[in-house]
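Student: I would like to go through this model residue by residue. Can we begin once it is on the screen?

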Amino acid sequence: MKFDQKAFLDGVERVLHAEYACDLKTAGKFELYNAVSRAVMEEIFTDWNNEKNSPRRRCGYFSAEFLMGRAIYSNLMNLGILDEVGAALASVGEDVKQFEEVEDAALGNGGLGRLAACYLESAASKDIALDGYGIRYRYGLFRQTFVDGYQHEEGDDWLRWGDPWSVRVDRDAVLVRFADQTVKAVPYDMPVFGYKNGVVNTLRLWQSEPVQAFDFASFNEMKGEVKATENFNATKITDVLYPNDNTMVGKILRLRQQYFMVSASLQDIVRKFKASGKSLRQLPEKWCFQLNDTHPVIAIPELLRILQTEGLSFDEAFEVCHACFNFTNHTIMAEALEKWDALALSDLLPDVYEQILACQRRLEGDGLDPNCFYIVRDNVIHMANLAIYVASHVNGVAEIHTNILKTQTFKNWYERFPEKFVNITNGITPRRWLLLNNPALARLADKKIGAGWHTELSELKKLTPYLDEMLPEFKRIRRENKEKLAAYIRAHEGVDLSADFIFDVQVKRLHEYKRQMLNALSVLYFYFGIKDGCVTDFPPTAFLFGAKAAPGYYMAKAVIKFINEIARLVNNDPDVADRMKVVFLQNYNVSYAEKIVCAADISEQISLAGMEASGTSNMKFMLNGTVTLGTMDGANVEICEEAGRENNYIFGATVEEVAAVKQYYCPREQVEGAPRLKRALETLVDGTLHDEQGMLRKLYDSMISGYEPDRYLVLYDFADYVRVKEQLLREFGTDAYYRKSLVNMANVGKFSADRSVTEYAKLIWKLK
Ligand SMILES: *Cc1c(COP(=O)(O)O)cnc(C)c1O
């Protein structure tokens, strides 16, 4: 975008006058943020409108979550005017950095929602016609604080800062009908800017509202259908994001959200397609859809329904759906694969339920073994099975994950429909996750090899001949980033950290399978080692954690309490003050992640093998030149393929070993021969730590007794974990360590979301 400082400031001033009755001299942060954003929005209309009206074939990315983070810097950077806007503001005495206070748009839980956000940015940057469709939650993922070490949740009022990057499009509103209510769906469109290429795609988020306020004609058409109470409840549908990551909760409101979003999106798309004068049988010539996990899978019976109301036969409608829909699986965990009670769904959405039954009947007509192939069985609807049956492609998100889908989770389906299954390994956008968050390291790369890597990440490989000469500068940059993070932690967590310490980082959602427990127990293991005097040369290390637990996930919350109690024990002990610090960062989110991944010395990716479908934070760290301490799980496997296993720190049971061990596993035995591990574990019950609510005792029980104790083999992998972790801590600071770090950065190319979306476009969406 071309930039004229005077014209830009005039534009800002115009918005300030019209919207806030103030000017550049009197505007506060809020007004300035909104005015700067709106002034840019005025400039991008033509490019955006061109893309919206472009005749080319598009993909709709249907996702219940988009974890966008903060928009302003990323947008300005992609428009190529970040520095210019900074200078313009400076010329009137304002600092562009003040917008760091603007709330993140956290309309997602974790990896899945962040993936959707990265894919939108990468698709625009690669000129791929991908539009996001989702929900405009009034409250995003809760804000987290700690009170006495316990997680405390508050509503996330992200609109407090306004929403200047969205445009409400009332003319595209549609009605969404449930058996017991009809609501209005109003779209808010957010532009998605490609990196310096003039492409503007769209993220369309739907908000539910009472029909009452709808235009008069539609209201008349509805007469008699609407009850007063419905209007009162209508907004509730999009009130709040469900804070569960990798778990399914069978709440009807959640089903309402899912149907609301896909019905509104499909009605909108079908209405516009019809206006082009073509037959809906030709819909696949214009559209395909990617279903991001099972949450939007109800789009399939909804499109079947719509097409039949438009005059297609079931078979014709089925063919259109088959051609349009594709499905991404994100997990093999049974507790996350969505299933709905057939009665509940048929009560809420009788016509949609009919379409699901019709799919089940069609499946039965294929003559397959009903024990292996079903969509509805024992009054339970299996959404993943519905998606696999109808979709033309099913993809896993890393090689190892797709292989598990083929050989275990969906073995029967794979054997019957092998042509449907593909792997597309996840990726991240290198713009937000290196250019924006780590400008010093980005500049160093630019200096060595030019800027080609900004849009072709595999070009970082060209750094290979320069790695040795880059070491001093690389160390200096890491150090500066650590100092900045330490200052932020001092201000926000009240803990003093020295950048001399090793920053050992584990940030991701709190889940038992991700095994924050393994890390926590190792901290106690080292701590008692130092206290006993059996460890004398422990390198000064800060163990940094960041994670939100789903509010209803008791064990996850117990792990947070455990780590906070460890932090209290360790940080208040003068004997270890120069050796260790433990900090649980509050309210981990995208903006915090940006500060963290450029300042980490160790990236902990320690899930039980077979459990983490891909992971994407592992890629963010790798891109910023951080070695992985991890298991052979998810994309870690491919990180080792790309950067060399010898340049990372790999430990633990493999998928095959896990299966074998689980046959006979007894966690007690793991502890018996290991007194230091035993001591660490028993702090959960021996009074060392505060446990006002008995949470830690329950955590102890989950590890050692009860049904399926230590389900994720924490104690089994412990010895190998500390062995490799000790080796890594010893190597830290040497040229060998920094060289490994840079080798990772130089070989990160595969993990660009640009590569991922290009593969989707070629193999699945068939977009040119
Ligand atoms: C990248 C990211 C995640 C995903 O982290 P994983 O370690 O891959 O699970 C979760 N939350 C935020 C805020 C992220 O930026």
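Tutor: We start with Arg 57, which is placed in the loop between α3 (45–52) and β1 (58–62). Helices (H or I, at least four residues) and strands (E, at least two) are DSSP runs, numbered from the N terminus. This is a predicted model, where local features need pLDDT of at least 70, side-chain atom pairs count only at pLDDT 80 or more, and totals for chains, interfaces and linings use all residues. Residues are numbered from 1 along each chain as its sequence is written, and side-chain values use heavy atoms, with hydrogens and water left out.

Student: Why does Arg 57 count as partly exposed?

Tutor: Buried means under 20% relative accessible area, exposed means over 50%, and partly exposed is in between (1.4 Å probe, protein chains only). Arg 57 is partly exposed because its relative accessible area is 23%.

Student: Which backbone oxygen does the side chain of Arg 57 reach at 2.4 Å?

Tutor: A polar contact is a pair of N or O atoms within 3.5 Å; within protein, one must be able to donate a hydrogen and the other to accept it, and residues adjacent in sequence count only if both atoms are side-chain atoms. The side chain of Arg 57 reaches the backbone oxygen of Pro 284 at 2.7 Å. At 2.4 Å, the side chain of Arg 57 reaches the backbone oxygen of Trp 765.

Student: How far apart are the C-alpha atoms of Arg 57 and Ile 128?

Tutor: Along the chain, Arg 57 and Ile 128 are 71 residues apart.

Student: Where is Lys 561 found, and is Lys 561 buried or exposed?

Tutor: Lys 561 is found in helix α22 (residues 554–571). Its relative accessibility is 0%, so Lys 561 counts as buried.

Student: Which side chain makes a polar contact with the side chain of Lys 561?

Tutor: Contact means heavy atoms within 4.5 Å. Leaving aside neighbours within four places in sequence, Lys 561 is in contact with several residues, including Asp 148, Gly 149 and Tyr 150. Its side-chain polar contact spans 2.8 Å, and the partner is Glu 565.

Student: What is the phi of Asp 148?

Tutor: Asp 148 lies in the loop between β5 (143–147) and β6 (150–154). Asp 148 is exposed because its relative accessible area is 56%. Asp 148 is not a glycine, although its phi is positive, at about 55°.

Student: Is Asp 293 buried or exposed?

Tutor: Asp 293 is found in the loop between β11 (287–292) and α11 (299–309). Asp 293 is not a glycine, yet has a positive phi of about 75°. Its relative accessibility is 6%, so Asp 293 counts as buried.

Student: Now the ligand. Which residues come nearest to the ligand?

Tutor: A residue is near a molecule or strand if one of its heavy atoms lies within 4 Å of it. There are 14 residues around the ligand. The nearest are Lys 508, Lys 514, Thr 616, Ser 617 and Lys 620.

Student: How far is an oxygen atom of the ligand from an N or O atom in the side chain of Ser 617?

Tutor: An oxygen atom of the ligand is 2.6 Å from an N or O atom in the side chain of Lys 508. For a polar backbone atom of Thr 616, the distance to a ligand oxygen is 2.7 Å. For the side chain of Ser 617, it is 2.5 Å.

Student: Which backbone nitrogen does the side chain of Asn 618 reach?

Tutor: Asn 618 is in helix α24. Its relative accessibility is 1%, so Asn 618 counts as buried. At 3.2 Å, the side chain of Asn 618 reaches the backbone nitrogen of Thr 616.

Student: Last one. Which side chain makes a polar contact with the side chain of Asn 438?

Tutor: Asn 438 lies in the loop between α18 (430–436) and α19 (439–449). At 2% relative accessibility, Asn 438 counts as buried. The polar contact spans 2.9 Å, and the partner is the side chain of Asn 624.
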